[in-house]
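Thank you all for coming. I would like to walk you through a structure that may be new to you, so please have a look at it before I go on.

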Amino acid sequence: VAVGGGPVTARRVAAFLEDGARVTVIAPQVCPQVAAHVAVGAVEHAARAWDGPADLEGACLVHTATGVPAVDTAVRRAAAALGIWAIDATDAAASPVHVPARGVVPVSGGRLSVAVHAGGHPRRAVAARDLAVAALTRAAADGRLAPAGSRSLVLAADLVALAAGQVLGGQLERGQVREPRGQQRALERLG
């Protein structure tokens with residue numbers, strides 16, 4: 001169940017659908033991205049405001065992003081009382097569940113999925129994911145990411161850890177992350 005119909009919900013709904021979930025969106029109005037999923041029957045839409053705990057019946061995961069703190073808090077608390085995991089996109093500190101920022105890097109013969117979790121700091125996770133995806137995309141384009149099963153994927157994981165470490169270390173917030181030597185050395189080892 002996703003409560004709210006804006007762009008934040010749209011991103012989460014797209015990820016849920018990609019993972020094979022059945023999704024119901026509860027919102028008086030939805031943004032064009034959610035509407036497109038509804039139009040093709042991929043998402044059920046209850047075109048109304050959240051009406052209480054009964055709206056969560058049958059859910060195994062709840063995402064709330066209405067932009068109304070009182071509603072998002074009520075949804076999160078109702079889910080907790082029912083024993084359902086809840087993601088409150090408007091209050092990461094209060095949310096009992098956090099999902100990683102995900103990205104995809106095209107590689108020879110397929111794709112490499114990247115997921116970065118930043119301990120409840122979604123903007124840091126997104127920043128670290130973006131750094132990791134950019135570095136891995138460059139490595140793949142230059143032929144430095146060998147096929148699966150090689151030591152290259154282990155080194156690729158090192159890049160993700162380096163990028164996440166920089167972001168979690170606060171360097172990104174100060175605008176200082178560019179192409180650090182440690183990351184560059186890891187990229188060089190990929191070849």
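Predicted model: local features only at pLDDT ≥ 70, side-chain atom pairs only at ≥ 80, totals over all residues.

Residues are numbered from 1 along each chain as its sequence is written, and side-chain values use heavy atoms, with hydrogens and water left out.

The protein chain contains six helices and seven strands, where helices (H or I, at least four residues) and strands (E, at least two) are DSSP runs numbered from the N terminus. Along the sequence, their order reads β-α-β-α-β-β-α-β-β-β-α-α-α. Of the 191 residues, 38% are buried; buried here means under 20% relative accessible area, exposed means over 50%, and partly exposed is in between, with a 1.4 Å probe and protein chains only. If we take the contacts (heavy atoms within 4.5 Å) with a separation of 6 or more, 51% of them join residues 24 or more positions apart.

Let me turn to helix 1, which covers residues 7–18 and reaches 17 Å from its first C-alpha to its last, close to the 16 Å expected at 1.5 Å a residue, the expected span being 1.5 Å times one less than the number of residues. Its buried residues are T9, A10, V13, A15 and F16, and just after the helix G20 takes a positive phi of about 90 degrees.

Helix 4, with 20 residues, reaches 28 Å between its first and last C-alpha, close to the expected 28 Å. Its buried residues include A125, L131, V133 and L136, and the helix is followed by G143, whose phi is also positive, near 80 degrees.

Among the elements that give two or more residues to its lining are helix 1, strand 4 and helix 4. For the method, on a 1 Å grid over the protein atoms alone, a pocket is an open set of points where a 1.4 Å probe fits, with protein on both sides within 12 Å along at least five of seven lines, and lining residues have an atom within 4 Å of a point.

In total 43 residues line the pocket, and R11, R12, F16, H63 and V99 lie nearest its centre.

H63 sits in strand 4 (residues 61–64) and counts as buried, at 0% relative accessibility. Leaving aside neighbours within four places in sequence, the contacts of H63 include R12 and F16, together with V1, I87 and A89.

A115, in strand 7 (residues 110–116), is by contrast partly exposed, with a relative accessible area of 48%. Not counting residues up to four places away in sequence, A115 touches P100, A101 and R102.

Finally, the cysteines: C31 is buried at 11% relative accessible area, whereas C60 is exposed at 67%. The structure holds zero disulfides, a disulfide being a pair of cysteine sulfur atoms within 2.5 Å.
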